[in-house]
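Biologist: Could you open the model so that we can go through its contacts together?
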Amino acid sequence: LKKICGEHKYEGVCWIDRPDVTPSTKQSDHPGGRAGWHPGNRVHQLKGRVIAFTFLQALKEALSIWNEANNYELSDDQWHVTPMYEEARTKLNQIVAQGTCHEYADNGVDDLCNFPMKARTEFTPRAYPSFSNIRTLMHPKMLQQINPAPDVVYNPPDVFNPSLHPPEDAVDVLSIVEAGPVYQPVLLPDYVTDYYKKPKFETPPKVPVGKGVYLDTYAGDDWCDGSVDSWCNRGAKDGCLLSHHNDGRNGLKFDGYSGWVVLNLPDVRNGLVVVKVQTWHGQGEAIKTNGWTSINNEGETDQRRLRRPPSIVTTNSTTVSDIETYPLGADRNNGRYLKKKKKKSIPFCDKFQVEYAIDGKISFWNVTEFNELRVKGAIQRVVELFVLLNDRDYTGGEEKEIEVALRVTGCGTEKVWNLNHIYWS
């Protein structure tokens, strides 16, 4: 039985011919990533329905409580969960010897467990994609330097796809749902603008904005939310359009000639700013700087005096060589590479520097300091975190908008970084 199930655990095709759309890229027979150790889409569907049933049961009980309330009036504590979250966070901070937060002290990021964090990312899928990406933090002068995401090659709906529907004699959950009220996807709920606050940009950027930062993302990334209605990864170069695979380690790529990535962070209170980057990308991946010979291709170097960063903490047992490998990456056609041979990246040149600015005050790490921090920040496979600000007194306990900028210099276009997350509190 296991063998038979294994032979039928995947379902799906890459394209169904239609008269109004002809892909410019040859389409594969079926979506990639069909590894023997993966559960398959059928198992995913079953587990998804079990999880959905749990939520539906909870919703039913909540509606029953509301229905039985006098005049349908409920007390505030039944509507709001903030006090419960705050109580849980307070108790967590009191537990020093248990849990896993303290294990990250050597990595310099244990405070991520101590404060409620805000974040933006370019990874997909993500909730409310057009509000939760890093570009929403960019001053208009910075944003105008960023290339747009690729366009999708056709718009919804797709033709009927038998792979997405149950056999004729099976229960059709989707048809049951669609038999009720008209269903509309919620990509812009009324609370999202409060949750993902935009910076005010009351002052111009304090450092020159970079002109060579390249957005590497999926076609239609504003629709890459992982939902049943996502319309993602259907670009001209995609070889499996019906897969519309959402899973992507996308980001902002920059090298030594790209210049500053300048961001404004709203509502900073606890003086903590952390970035997640991939430091292993190679020459040519920043794309916009191909052929450039200087920062912003302006024929000048930045001669401003830089101040030293905080002291470097000693490294743990991880070696630099452990993270100087090319990890599993994102394949634009078939999701993640399954059999990508690891390769050593070229060393960082002696003149390499990481420079970061907080409200215009510039600090830097030379190549030696950077390699130490790189080891320290590698908290998991392909997860590299760098703390740019850790100062409880920076805002005086008030919520404040601050400017954060990051760039690399010294190696020209040889070394490319991918900025994909930023966290702050």
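Biologist: How many salt bridges does a search of the whole structure find?

Modeller: The search finds 15 salt bridges, where a salt bridge is a side-chain nitrogen of Lys or Arg within 4 Å of a carboxyl oxygen of Asp or Glu. This is a predicted model, in which local features need pLDDT of at least 70 and side-chain atom pairs count only at pLDDT 80 or more, while totals for chains, interfaces and linings use all residues. Residues are numbered from 1 along each chain as its sequence is written, and side-chain values use heavy atoms, with hydrogens and water left out.

Biologist: Ok, which side chain does arginine 392 meet in a salt bridge?

Modeller: Arginine 392 meets aspartate 111, at 2.1 Å from N to O. Because arginine 392 sits in the loop between β11 (383–390) and β12 (400–409) and aspartate 111 in the loop between α4 (82–94) and β1 (118–121), the pair ties together parts that are 281 residues apart in sequence. The helices (H or I, at least four residues) and strands (E, at least two) are DSSP runs, numbered from the N terminus.

Biologist: And is aspartate 111 buried or exposed?

Modeller: Aspartate 111 counts as buried, at 14% relative accessibility, whereas arginine 392 is partly exposed at 30%; buried means under 20% relative accessible area, exposed over 50%, and partly exposed in between, with a 1.4 Å probe and protein chains only.

Biologist: Switching to strands, how does β2 run relative to β3?

Modeller: Strands β2 (residues 214–216) and β3 (residues 251–254) run antiparallel and are joined by three bridges, two strands being paired if DSSP finds at least two bridges between them. Leucine 215 stands opposite leucine 252 in β3.

Biologist: Which other strand do three bridges join to β3?

Modeller: That is β13 (residues 415–424), again antiparallel, and in β13 asparagine 418 is the bridge partner of lysine 253.
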